[in-house]
Amino acid sequence: MNINLQPLIETITFHDIDELGSRMRAFRWDMVHRPIEAGTFEGELFVAQVGGIQFARPIYNRGIRSQGDSPPGTITVGIPLSTPRVLKWHGYSLSSNSALLQKSSRGIDMLRSGNLPLALVTIDNDSLFSQAEQTDRLGVASLITDSTLAIQPEPTVLRRFRSHLRYIFELFWRQPQTILQPAMQSPIREDFISLVLDVLDSHQNDPPLRPSIRHPYIKRAEEILLDNLDRPLSILDLCQELHISERTLRYGFQECFGLGPATYLKIQRLNGVRRQLKASAGRGITVSAIALQWGFWHMGQFAKDYKKMFGECPSATLRDNSLTK
């Protein structure tokens with residue numbers, strides 16, 4: 001399946017994590033993002049579509065949790081452009097020596113902390129299959145379709161790939177009109193498909209990358225929390241549902257999210273309040289009424305936690321969004 005991407009180069013800056021998801025849908029990524037670190041959110045999304053390949057470089061100043069789906073019929077190779085403080089991918093802890101594989105048949109499951117530049121190269125499966133077969137890379141062809149989600153490329157190959165990515169992003173920035181010329185489309189396409197195949201072909205599985213053994217039940221715990229944000233759900237309730245101890249739950253959340261389960265739950269409820277405040281602007285609904293719906297009964301503590309998380313008072317969120325409607 002060829003995704004037939006229209007050639008473009010675009011930089012988008014935003015100050016609201018919900019805007020990130022809506023902007024990415026324009027580039028065929030259907031994702032939900034949730035902050036996991038307190039403070040005002042700032043982000044930049046650079047996207048270039050050249051030669052039928054999508055290059056993206058998202059940068060955020062706060063840790064976020066991302067889930068969703070990538071463009072249908074594609075595979076994405078993602079590498080950190082610097083050493084990540086925390087980069088979790090489907091339970092794997094990735095380093096600057098690792099690469100993530102996002103296959104459209106598998107949902108996105110990522111957590112990243114701090115200001116981490118991440119380069120993503122998305123190519124349609126048919127093009128990768130075709131060139132892999134033409135160059136007799138049978139191992140790559142199977143890697144595209146199997147369950148592998150994280151790889152360790154040979155270091156020299158990964159350095160070369162990262163170097164080419166930095167160079168092409170610099171060209172996108174400095175010479176966009178030159179890069180978008182029709183004559184440039186095929187050379188860039190052929191070069192980068194070859195580079196991606198080199199990365200996949202050099203995958204080393206010794207020692208093998210292994211996801212956290214706690215990831216499956218912590219992911220299930222997260223699903224339960226997110227499905228019940230608007231009703232009281234204690235950590236004890238969660239442990240009983242999953243048939244695990246509180247200690248195991250706490251260790252698992254720390255390992256997978258860098259947060260305890262109670263803190264994670266409070267952050268997600270605060271995000272629920274924020275989304276509802278924005279949606280309720282101009283409808284005569286009070287901050288306290290919305291806060292109570294999300295399980296916050298101590299208004300003073302709620303206001304303090306909200307401001308710490310988002311850098312503004314809840315009343316400001318309600319007021320500012322009323323002005324834009």
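This is a predicted model: local features need pLDDT of at least 70, side-chain atom pairs count only at pLDDT 80 or more; totals for chains, interfaces and linings use all residues.
**Reading cavities, a sheet and cysteines**

Q: What volume does the second largest cavity have, and which residues line it?

A: Rolling a probe the size of a water molecule over the atoms shows where empty space is left. On a 1 Å grid over the protein atoms alone, a cavity is a set of points where a 1.4 Å probe fits but cannot get out, a pocket is an open set with protein on both sides within 12 Å along at least five of seven lines, and lining residues have an atom within 4 Å of a point. The second largest cavity has a volume of about 80 Å³. Its lining includes Trp89, Met110, His215 and Cys256. Strand 10 gives the most, with three residues.

Q: What volume does the largest cavity have?

A: About 130 Å³. Of the 17 residues that line the largest cavity, Trp29, Met31, Met110, Leu118 and Leu120 are closest to its centre. Here too strand 10 gives the most, with three residues.

Q: How much space lies in the largest pocket?

A: About 300 Å³. The largest pocket has 21 lining residues, with His15, Asp16, Ile17, Arg274 and Glu312 nearest its centre. Helix 13 contributes the most to this lining, four residues.

Q: What order do the strands of the open sheet have?

A: Strands of a sheet pair through backbone hydrogen bonds, either parallel or antiparallel. Two strands pair if DSSP finds at least two bridges between them. The five strands of this open sheet have the order 2-5-10-7-8, with antiparallel pairing. Strand 2 (30-35) and strand 8 (92-93) are the edge strands, each pairing on one side only. Strand 7 (residues 86-89) and strand 10 (residues 108-113) pair over four bridges, and Trp89 stands opposite Met110 in strand 10.

Q: How many disulfides does a search of the whole structure find?

A: A disulfide is a covalent bond between the sulfur atoms of two cysteines, counted when the pair lies within 2.5 Å. The search finds zero. For Cys256, the nearest cysteine sulfur, that of Cys239, is 14 Å away.

Q: Does Cys256 count as buried or exposed?

A: Buried means under 20% relative accessible area, exposed over 50%, and partly exposed in between (1.4 Å probe, protein chains only). Cys256 counts as buried because its relative accessibility is 8%. Cys313, at 34%, counts as partly exposed.

Technical notes:
Residues are numbered from 1 along each chain as its sequence is written. Side-chain values use heavy atoms; hydrogens and water are left out. Grid points are joined across faces, edges and corners, and a volume is the space filled by probe spheres set on the points. Helices (H or I, at least four residues) and strands (E, at least two) are DSSP runs, numbered from the N terminus.
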